[in-house]
Amino acid sequence: MSIAQTVSCLDGYDPDALRVDKAREAILACLTPINDSENLKIREALGRVLSQDIVPHIDVPAHDNSAMDGYAVRFSDLEKQPLKEIGTALAGKPFHGKLGAGECVRIMTGAVMPAGADTVVIQEVVKKEGERVTIPAGQKKAQNVRYAGEDLKVGTPVLRSGKLLTPADIGLVASLGMGEVRVKRRLRVAFFATGDELASIGAPLKEGEVYDSNRYTLHGMLARLGVEIVDMGVVRDDPAALESAFLLASRQDVVITTGGVSVGEADFVKQLMAKLGEVLFWKIAMRPGRPMAFGKIGNAFLFGLPGNPVAVMVTFYQFVRDALIHLSGRNDDALPLLKAVAAENLRKVPGRTEYQRGILFRDQDQWKVRTTGQQGSGVLRSMSEANCFIVIEHERAAVKAGELVSVQLFEGLA
């Protein structure tokens with residue numbers, strides 16, 4: 001089934017006034033995650049996507065052990081004071097005897113529980129005179145004992161395929177004695193900016209030119225996702241050059257472009273996209289970032305983003321990021337929207353979702369949010385100063401100070 005057929009089947013699909021939620025649904029309906037994988041040493045696997053379930057072949061911990069420094073005892077003996085100390089259990093050097101009636105063993109954190117012992121009493125409350133150990137009342141049976149398999153049990157999966165490996169996950173895998181894991185290969189993403197008005201950093205600006213910033217923000221956002229990045233630079237508004245760039249970029253998994261998708265921009269960009277593949281052009285009911293293209297060229301998925309710097313970042317975070325995560329084979333949940341109190345009035349008209357750049361801050365016992373000021377889609381400073389998006393829903397009108405609004409934190413977008 002073609003992309004156009006797939007998305008046209010969705011309820012509420014309207015390419016000339018597409019809601020944000022419908023655009024996300026349409027994109028995800030077309031994507032198939034990559035299947036290729038490779039084995040990596042666990043030190044190299046941080047930030048990679050598992051392509052296997054991790055199922056323990058040993059219990060962790062392997063033995064019942066002490067959670068504290070103290071004395072291993074039989075709980076039933078605590079009414080028979082004092083107890084006799086008969087040995088010591090250290091981590092890695094267990095006590096090999098067995099506790100008899102009225103006996104105890106000095107034990108260190110992590111040491112295997114001696115045979116017969118079922119409780120550990122912390123050393124701070126114990127009174128000791130030679131081999132005689134007196135323990136105060138109020139102890140609980142099985143206190144300060146960690147049981148075999150309490151952390152990880154043989155045969156019970158602990159990490160699932162699709163998990164993005166964190167430092168804790170690497171440690172968990174190591175605790176099972178595994179030196180390698182199987183992970184998905186990295187997603188390969190090519191991107192370039194279009195436009196005759198773009199000047200390279202370091203070159204003097206000519207009249208009507210601007211420095212190319214979009215490629216640098218795109219590179220930063222992609223780098224945080226751990227994909228393989230192919231930066232193809234700036235491609236001028238020349239049909240032959242653009243066609244060559246699209247064909248070269250389509251050898252990767254994903255192609256991202258900026259510019260050339262708005263009304264009034266060079267028509268040949270759209271014509272080339274349509275000529276080389278199947279590309280849909282949408283007007284999304286959002287601000288900023290209304291014009292966007294989505295489709296395929298060859299086997300590569302294409303995202304044609306607007307040219308304005310803030311619109312590039314907003315559309316990337318709201319559509320492209322989730323698509324790349326899905327294509328990478330990750331099983332992440334969507335980023336949550338949190339609630340905060342609007343610290344000021346916010347202008348908004350119903351019928352579109354707005355992503356205003358905000359600063360979330362704590363005011364006494366409340367989390368509040370205010371905008372960064374001017375919200376134009378070309379004001380990149382508004383993204384640099386912000387720590388969140390203020391997400392004002394499609395149906396909602398202007399917001400009054402004191403009302404609750406949704407916020408999406410920038411931290412966590414990696």
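This note comments on selected structural features of a predicted model.

1. Basis. The structure is a predicted model, in which local features need pLDDT of at least 70 and side-chain atom pairs count only at pLDDT 80 or more, while totals for chains, interfaces and linings use all residues. Residues are numbered from 1 along each chain as its sequence is written, and side-chain values use heavy atoms, with hydrogens and water left out.

2. Strand β21. Helices (H or I, at least four residues) and strands (E, at least two) are DSSP runs numbered from the N terminus. Strand β21 covers residues 353–363, and eight of its eleven residues are buried; buried means under 20% relative accessible area, exposed over 50%, and partly exposed in between (1.4 Å probe, protein chains only).

3. Partners of β21. Two strands are taken as paired if DSSP finds at least two bridges between them. Strand β17 (residues 286–287) runs parallel to β21 and is joined to it by two bridges; here R287 has E354 as its bridge partner in β21. Strand β23 (residues 388–392) is antiparallel to β21, with five bridges, and Q356 stands opposite I390 of β23. Strand β22 (residues 366–371) is also antiparallel to β21, with six bridges, and L360 has V369 as its bridge partner in β22.

4. The β21–β22 hairpin. Two residues lie between the strands of this hairpin, and Q364 takes a positive phi near 55 degrees.

5. K348 is placed in the loop between β20 (338–342) and β21. The residue counts as buried because the relative accessibility of K348 is 8%. K348 and Q5 are 343 residues apart in sequence, and their C-alpha atoms are 34 Å apart in space.

6. Aromatic contacts. A pair of aromatic rings is described by the distance of the centres and the angle of the planes. Rings of Phe, Tyr and Trp (its six-membered ring) pair if their centres lie within 6.5 Å; planes under 30 degrees apart count as stacked, over 60 as edge-to-face and the rest as tilted. The structure holds ten aromatic pairs. One of them joins F294 and F303, with 5.3 Å centre to centre and 50 degrees between the planes, and is tilted. Both F294 and F303 are buried.

7. Charges over rings. A charge sits over a ring if NZ of Lys or CZ of Arg is within 6 Å of the ring centre and within 35 degrees of the ring normal. The charged end of R106 sits over the ring of Y71, at 5.3 Å from its centre.

8. E25 and K22 form one of them, at 3.3 Å from N to O. The two residues are separated by about one helical turn, because they are three residues apart in helix α2 (residues 20–30). E25 is partly exposed, with a relative accessible area of 34%, whereas K22 is buried at 19%.

9. Further salt bridges. D77 and K80 meet at 3.8 Å, N to O. D77 counts as buried at 0% relative accessibility, whereas K80 is partly exposed at 48%. R185 and D253 form another salt bridge, at 2.9 Å from N to O. This pair links distant parts of the chain, 68 residues apart: R185 is in the loop between β10 (180–184) and β11 (188–194), and D253 is in the loop between α5 (239–249) and β15 (254–258). Both R185 and D253 are buried.

10. A nonpolar surface patch. I201, L205, Y211 and Y216 make a nonpolar surface patch of about 430 Å². Patches are made of residues with over 30% relative accessible area and no salt bridge, like charges being joined within 9 Å and nonpolar side chains (Val, Leu, Ile, Met, Phe, Trp, Tyr) within 5 Å; accessible areas come from the Shrake-Rupley method with a 1.4 Å probe, and for residues only the protein chains shown count as cover. L205 is found in the loop between β12 (198–199) and β13 (210–211), and L205 is partly exposed, with a relative accessible area of 44%.

Conventions
A salt bridge is a side-chain nitrogen of Lys or Arg within 4 Å of a carboxyl oxygen of Asp or Glu.
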